[in-house]
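Please open the model in a viewer and keep the selection panel at hand.

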Amino acid sequence: MHVFIVDAPGARAAGLRVALERFGLTVDVGDESAAKAASERVNLWLLPGPVAASSSMAVATVRSLRDAPVLATESPPHEWWSAGADEALPAGSSPRDIGLVARLLAGRAAHERSGPWAGTLSDGLTTYAVLHALSRLGRSGVLMVGRGLRRGEVRFFDGEVTSVQIGGLHGQAGLHQLLLWTDGRFEFRREDVVRRQQIPLSNDEMFADAERFLDSVRDAAAGLSPAMLFELDAKVLHDHGDRMRNHDLAHALAAGMVGGGQHGAAARIGQRPALGQQ
C-alpha cells in the first residue's frame, strides 16, 4: 500500500515516514506537483497539519488526482470531517496511532470507507495499540476481538471507551483481560452506541491505568519464558484450591490444564482472570 504525505515539513515528514513504514506502507512526500506525478499508485493521502481556510481545497485537490481515502492530523476530527477528510487524528496523536490508522484505511474504495476495519493482533500490533488509535479517531462504534472460541467487545462513544465485555467480565476487569491477548482477529464497525460509562475514568486516565496494568504483568512475568511448560498437579489444586484468593483462578487452571497436559506460560497468562479481581 502506498501513502503520499502532502506538503509536510522535512522533520515532520521524516517522522511520519518511519511510522508508516513500520506498518508495511510505502511512502512518498511532496507538494501538489509531486502528488500528481505519483497519483496513480496512491492508496492513501495524508495531510499532516491543522485545519486551515484552504483545507477543503487541499482535500478536493488530492481527491481530483485520485479518489483515495484522506487521513488528516493535528486538529479535532470533526473539523477535518467538515473539510472533507475521511478520518482525522487530533494533535498529540502518536506516530503509532497515525501508522495504524493509515494501514487500516489505505486502499479502501469510496463505498468501503464507512465499512468495518479488520486486522490481526501480533507482537507489533497489540490490543492496547488498537484501542488507543481507535479512541483518537473520535468515532462511535463497536470493536470485536476474537481469539479461538473467545470473544471480546469494546464499545466506543465519540472515541470514549464506554463499555467492555469478555464473557462474564465487564468494564475495567474485562479491559484488563483483553489487554493480555497477544494474538487474534479484530473488527471495528462504526455505529451509534449508547454511552454506558462502565469504566469511571476519562480516556487519558483509563489508558494510563492500562499502561500500569501491563507494566505489572511484565514485572510479574519476569524470568518466565513463553516456552516454559507447566503441568497441573490435581492433588495440590484439590488440597489448596479453597485457599486461593481467587477461586475463579483455580477453576480456570483446572479447566485449562486438566486434559490438556502441558501448557505454555504465555497461553496461561493470556487466559488468566484480570489482576484487578485477584
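This is a predicted model: local features need pLDDT of at least 70, side-chain atom pairs count only at pLDDT 80 or more; totals for chains, interfaces and linings use all residues.

**The whole chain**

The secondary structure comes to 11 helices and 13 strands. The chain has 278 residues, of which 46% count as buried. Among contacts between residues at least 6 apart in sequence, 69% join residues at least 24 apart.

**Helix H3**

Next, select residues 55-65, which form helix H3. Which residues of H3 are buried? They are Ser55, Val59, Thr61 and Val62.

Keep the buried residues of H3 selected and display the elements against which they pack.

**The cavity**

A search of the whole structure for cavities of 30 Å³ or more finds 1. The volume of the largest cavity is about 30 Å³. To locate the largest cavity, select its lining: Glu87, Gly115, Trp117, Leu137, Arg139, Phe188 and Arg190. By class, this lining has 3 nonpolar, 1 polar and 3 charged residues.

**Glu87**

From the cavity lining, which includes Glu87, centre the view on Glu87 itself, in strand S5 (residues 87-89). Is Glu87 buried or exposed? At a relative accessibility of 1%, Glu87 counts as buried, because the cut-off for burial is under 20%. Show side chains here: that of Glu87 makes a polar contact with the side chain of Arg190, at 3.1 Å. Leaving aside residues up to four places away in sequence, Glu87 also touches Val70, Leu71, Ala72, Trp81, Leu105, Trp117, Leu137 and Arg139, and Arg190 is again among the residues touched.

**Thr127**

For the last stop, select helix H6 (residues 127-136) and centre on Thr127. Thr127 has 3% relative accessibility and therefore counts as buried. What does the side chain of Thr127 reach? The backbone oxygen of Leu178 lies at 3.4 Å from the Thr127 side chain. To complete the view, display Leu121, Leu178, Leu179 and Trp181, which Thr127 touches when residues up to four places away in sequence are not counted.

Key
Residues are numbered from 1 along each chain as its sequence is written. Side-chain values use heavy atoms; hydrogens and water are left out. Helices (H or I, at least four residues) and strands (E, at least two) are DSSP runs, numbered from the N terminus. Buried means under 20% relative accessible area, exposed over 50%, partly exposed in between (1.4 Å probe, protein chains only). A polar contact is a pair of N or O atoms within 3.5 Å; within protein, one must be able to donate a hydrogen and the other to accept it, and residues adjacent in sequence count only if both atoms are side-chain atoms. Contact means heavy atoms within 4.5 Å. On a 1 Å grid over the protein atoms alone, a cavity is a set of points where a 1.4 Å probe fits but cannot get out, and a pocket is an open set with protein on both sides within 12 Å along at least five of seven lines; lining residues have an atom within 4 Å of a point. Grid points are joined across faces, edges and corners, and a volume is the space filled by probe spheres set on the points. Ala, Val, Leu, Ile, Met, Phe, Trp, Tyr, Cys and Pro count as nonpolar, Asp, Glu, Lys and Arg as charged, and the others, Gly among them, as polar.
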